[in-house]
Amino acid sequence: MATAAQTPRFTHPAARGTCPFAPPPAYRQAQQEEPVSRITLWDGSASWLATRHEDVKAVLADPRFSADSTRPGFPFLTAGVRQLNAGRPTFIRMDDPEHARLRRMLTGDFVIKKVEALRPRIQRIADDLLDRMTADGRTGADLVREFALPLPSLVICLLLGVPYQDHEFFQECSRVMLRRESSAEEVGAAQDRLVDYLNRLTEAKRTQPDDGILSRLVERGELTTAEIGAMGRLLLVAGHETTANMTALSVLALLRNPDQLDHLRRHPEAVTGAVEELLRYLTIVHSGLGRVATEDVDLGAVRIRAGEGVVCMISTANRDEDEFPDGDELDLTRDARRHLAFGFGVHQCLGQPLARLELQIALATLLRRLPELRLAVPFEDVRFRGDMLIYGVHELPLAW
Amino acid sequence: MLVQIDQEKCCGAGHCVLAAPDVFDQRDEDGIVVLLDARPPAELHQAVQDAAAVCPAAAIQLDQAPDRA
Ligand code: HEM
């Protein structure tokens, strides 16, 4: 049985290949040759890499693999990510039962029916943004700046009770926190500013309550201001960066696959399934999910020892031919619901019902209102976010 | 088919409600699964199987023995 003595295949993250939508070829090669293999991380430490759908699912569903980043051996993806997790800030990096106790304070806000009830408000936000984007006969804009980013930012502000007028401040903080090249100091400073802001906002809710999540957590009386501030930070950052990038990248992928775009235009009711397939195909959490073994566990042909880290590549898992035949093809008619773009196990994305609804509304509204939508620059000039923890495009100049 | 749920394991992701809304619901206050129909009719079996397959927390158990159908 293979062990940690194996030589590392490459340093994570490996370079992308020619298709900017596909995970780097090195991971696909690992998936075929050595599905659970060894890699080197940014700091020279070694980690396991899981690439197949079955193995990734098994790790994420298994409580013997911990998400607690304070455990020795936890695989951090960059210096900045290690800084982000210093001091055990939120439940995304905790294990049950503590994780479950905190997550359950929020799951009530993401019940399918309650999220669905937000539909008219999100639709209005989408329409208002498009009204502005197309006002005065304008025929082009950067979709990221004018639609993809403001839409989820406005929605998460509304849910949390954060004033949207502060968006430039918190969007800049998240940009620094999610940039791969940011130093630990830069990430630490951006995180401190954001936490400080959310702590002050939480304190203010004690005297001026509203019907947002922060206020409700205050009223609950079980958490300190710092704990509520940390949860607010997680929701604010996770709540806008992800959906924003998923929206813009989806539009670009559709423009590059005209037959699929055409299918969706002719079958607007297919948007629900289309969003699942886009989530699978694009898997914007492209650097993988980290876990650390708390005891010896056999995974496929290898034995992972207690204290060894595993990076779960959900992007390659989502193109595993055993699970998704022709996985490199975007096929909006496929049943893609088993994708792992939101993770798996007890940490699976809390905000997924909201993300789905936002994506469905964003895509349906754009296609309906802008039938002539096209890319305004050569495809080669689009700047992809290989430099960020969440994949996407920095700008998306469109014309209509 | 006999459906069983484990509310302790449930993490409130809501897949079951999307896949089989006649069989599963969520508690209003914390999104935890509620079983509406432990012996769903045959036409819902596929949807219930889909729900169990995508449940991230393995909180849905199915007993498909024919004598319990
Ligand atoms: C397309 C959009 C999104 C994608 C692809 C995405 C992806 C993910 C992934 C992969 C995880 C699992 C992390 C892990 O296991 O280590 C996760 C967790 C999480 N996401 Fe999302 N997310 C999205 C949107 C959102 C939104 C809109 C919110 C909030 C409103 C949100 C809040 C969270 C939270 C709080 C967690 C931690 C859950 C836990 O640890 O129990 N996400 N997300």
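The contact between the chains takes 18 residues from chain A and 26 residues from chain B, where contact means heavy atoms within 4.5 Å. This is a predicted model, so local features need pLDDT of at least 70 and side-chain atom pairs count only at pLDDT 80 or more, while totals for chains, interfaces and linings use all residues. Residues are numbered from 1 along each chain as its sequence is written, and side-chain values use heavy atoms, without hydrogens and water.

Chain A and chain B bury about 1600 Å² between them, 50% of it on carbon and sulfur atoms. Buried area is the accessible area (1.4 Å probe) that two parts lose on being put together, summed over both. In chain A, Arg104(A), Ile112(A) and Arg337(A) lose the most area to chain B, together 36% of what that side buries.

Arg337(A) also forms a salt bridge with Asp50(B), with the closest N and O atoms 3.0 Å apart. The count between the two chains is 2 salt bridges (a side-chain nitrogen of Lys or Arg within 4 Å of a carboxyl oxygen of Asp or Glu). By class, the side of chain A that touches chain B has 5 nonpolar, 5 polar and 8 charged residues. Here Asp, Glu, Lys and Arg count as charged; Ala, Val, Leu, Ile, Met, Phe, Trp, Tyr, Cys and Pro as nonpolar; the others, Gly among them, as polar.

Now the ligand. Its shell divides into 19 nonpolar, 7 polar and 3 charged residues. An oxygen atom of the ligand is 2.6 Å from an N or O atom in the side chain of His99(A). For the side chain of Arg291(A), that distance from a ligand oxygen to an N or O atom is 2.7 Å.

Terms used: Chains are lettered from A and ligands numbered from 1 in the order in which they are written. A polar contact is a pair of N or O atoms within 3.5 Å; within protein, one must be able to donate a hydrogen and the other to accept it, and residues adjacent in sequence count only if both atoms are side-chain atoms.
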